[in-house]
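Here is a short report for a reader meeting this structure for the first time. Look over the sequence and the model, then read on.

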Amino acid sequence: MGIRSFAAELLLPASLQARRDKPPSQASVGATGQPAAATFASLSALLGYLGKADHKKILEAYRFADEAHLGQYRASGEPYITHPLAVASLVAEWRLDAQAVMAALMHDAMEDCGITKPELIERFGAPTAELVDGLTKLDKLQFSTREEGQAESFRKMLLAMARDVRVILIKLADRLHNMRTVAAMAPPKRVRIARETLDIYAPIAHRLGLNLIYRELQELSFEHLHPWRHAALTKAVARARGTRRDIVERVRLDVERAYASAKLKVQVSGREKTVFSIYRKMREKHAGFAQVSDIFGFRILAPSLLECYGALGVLHQLYKPVPGRFKDYIAIPKPNGYQSLHTTLVSPLGTAVEFQVRTETMHAVADSGIAAHWLYKHIPSATAVPRMRPSAWVRCG
Ligand code: MN
């Protein structure tokens with residue numbers, strides 16, 4: 001690293017210098033709708049929540065990883081460092097600490113580049129080295145069987161091995177970026193990774209309450225495992241969206257009017273199920289698309305816990321609830337911390353419509369689970385996920 005000056009390195013990281021020798025054709029994808037490759041500048045822009053000293057350490061970790069991966073390329077043809085950068089960016093979006101961002105940058109360096117743990121301890125300190133080491137060990141686990149029981153014990157082993165919850169979060173960010181870019185892989189490998197994601201990593205994301213990631217992992221896996229079914233269902237949903245627009249609008253207006261006259265200040269928003277969850281329901285019920293009626297729903301955000309129950313009462317006064325469909329996940333949260341009131345109502349045109357009622361805090365936890373604890377400082381870890389120790393999650397599932 002000695003030859004290049006500080007400024008020159010900032011402007012021209014090693015990966016970009018290496019890229020100059022390659023045709024730029026595949027560098028930033030774009031055409032497939034993929035986001036442009038991550039750069040240090042794009043990561044840096046996300047670090048506003050950290051102090052100056054942390055920025056410096058993260059820049060150091062980036063230089064180290066950049067050097068280590070120099071000359072390596074992704075299947076897409078991009079310099080390898082774009083991958084650790086993208087993973088670190090996801091970790092920074094969750095506002096994890098500097099150690100976690102640094103570990104994300106270096107998560108593939110030990111495995112791929114012959115860097116040792118003592119070397120990492122020396123340069124970056126034991127806590128960060130421990131995270132990188134944990135990630136490297138997880139990488140060596142290979143899951144090959146499709147048996148359901150096997151998948152469960154593999155997930156347990158993975159969670160037990162991780163010890164530090166940050167390791168699991170970085171691992172999920174790693175898998176998410178790999179799935180977002182999996183189209184560049186050859187078909188057999190692509191299918192293997194998608195299968196493994198659906199069997200192992202999506203359920204782990206779900207257990208930790210990381211629902212946004214859980215849904216994206218499922219959706220991407222489905223798309224690559226069953227491209228034709230995925231395309232057909234996506235089309236069917238788009239068509240249904242068109243034909244049901246009037247019903248949905250009518251329900252929204254009724255609901256908003258009811259809340260206005262009850263003087264309840266709530267936010268009403270539409271909610272659409274993922275293509276994968278519709279597919280799963282069709283398979284479970286051996287039903288065609290036309291029989292899966294509740295593909296649209298609404299979400300109500302209420303200012304306080306008590307007002308959630310008030311908001312539910314307004315809904316039940318407005319339309320008849322479907323018996324047996326009401327669930328109080330506020331009083332009895334799901335093991336992953338999820339809280340909401342669920343109910344299904346019969347709309348004036350006879351269609352069933354699902355409603356979820358919750359507060360803003362419950363909503364943050366519903367989307368991000370354990371990551372909500374870092375994302376929103378006011379949310380205590382015990383609310384985000386009932387138990388923080390991995391050995392405990394294994395038991396609570
Ligand atoms: Mn990786």
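## A helix pair

Helix 8 passes helix 9 in a right-handed crossing. A crossing is called right-handed if the near helix is turned clockwise from the far one by less than a right angle, and left-handed if anticlockwise. Helix 8 covers residues 117–124 and helix 9 covers residues 126–140. They pack at an angle of about 145°, with axes 7 Å apart. Axes here are lines fitted to C-alpha atoms over the stretch in contact, and angles run from 0 to 180 degrees between N-to-C directions.

Helix 8 brings Lys 117, Leu 120, Ile 121 and Phe 124 to the contact. Helix 9 brings Ala 126, Thr 128, Ala 129, Glu 130, Val 132 and Asp 133. Contact means heavy atoms within 4.5 Å.

## Model and overall make-up

This is a predicted model, in which local features need pLDDT of at least 70 and side-chain atom pairs count only at pLDDT 80 or more, while totals for chains, interfaces and linings use all residues. Residues are numbered from 1 along each chain as its sequence is written, and side-chain values use heavy atoms, with hydrogens and water left out.

The protein chain has 21 helices and five strands. Both are DSSP runs numbered from the N terminus: helices are H or I with at least four residues, strands E with at least two. Of its 397 residues, 49% count as buried. Buried means under 20% relative accessible area, exposed over 50%, and partly exposed in between (1.4 Å probe, protein chains only). Take the contacts between residues at least 6 apart in sequence: 66% join residues at least 24 apart.

## The manganese site

Which residues hold the protein donors of the manganese ion? They are His 83 (NE2), His 107 (NE2), Asp 108 (OD) and Asp 174 (OD), lying 2.2 to 2.3 Å from the ion. Donors are N, O and S atoms within 2.8 Å of the metal (3.2 Å for Na, K and Ca); water is not among the atoms, so sites may look incomplete.

Along the chain, the donors follow the spacing H-x23-H-D-x65-D. His 83 lies in helix 5 (residues 82–93). Asp 108 lies in the loop between helix 6 (98–105) and helix 7 (109–113), 25 residues from His 83. His 83 is buried at 1% relative accessible area, and Asp 108 is buried at 5%.

## Aromatic pairs

The whole structure holds seven aromatic pairs. Rings of Phe, Tyr and Trp (its six-membered ring) pair if their centres lie within 6.5 Å; planes under 30 degrees apart count as stacked, over 60 as edge-to-face and the rest as tilted. Phe 40 and Tyr 62 are stacked, 4.6 Å centre to centre with 25° between the planes. Phe 40 is in helix 3 (residues 40–44) and Tyr 62 in helix 4 (residues 52–68), so the pair ties together parts 22 residues apart in sequence. Phe 40 is buried at 14% relative accessibility, and Tyr 62 is buried at 4%.

Phe 222 and Tyr 279 have ring centres 4.5 Å apart and planes at 25°, so this pair is stacked too. Phe 222 sits in helix 13 (residues 211–225) and Tyr 279 in helix 16 (residues 275–284), 57 residues apart. Phe 222 is buried at 0%, and Tyr 279 is buried at 9%. Phe 222, Phe 276 and Tyr 279 form one aromatic cluster.
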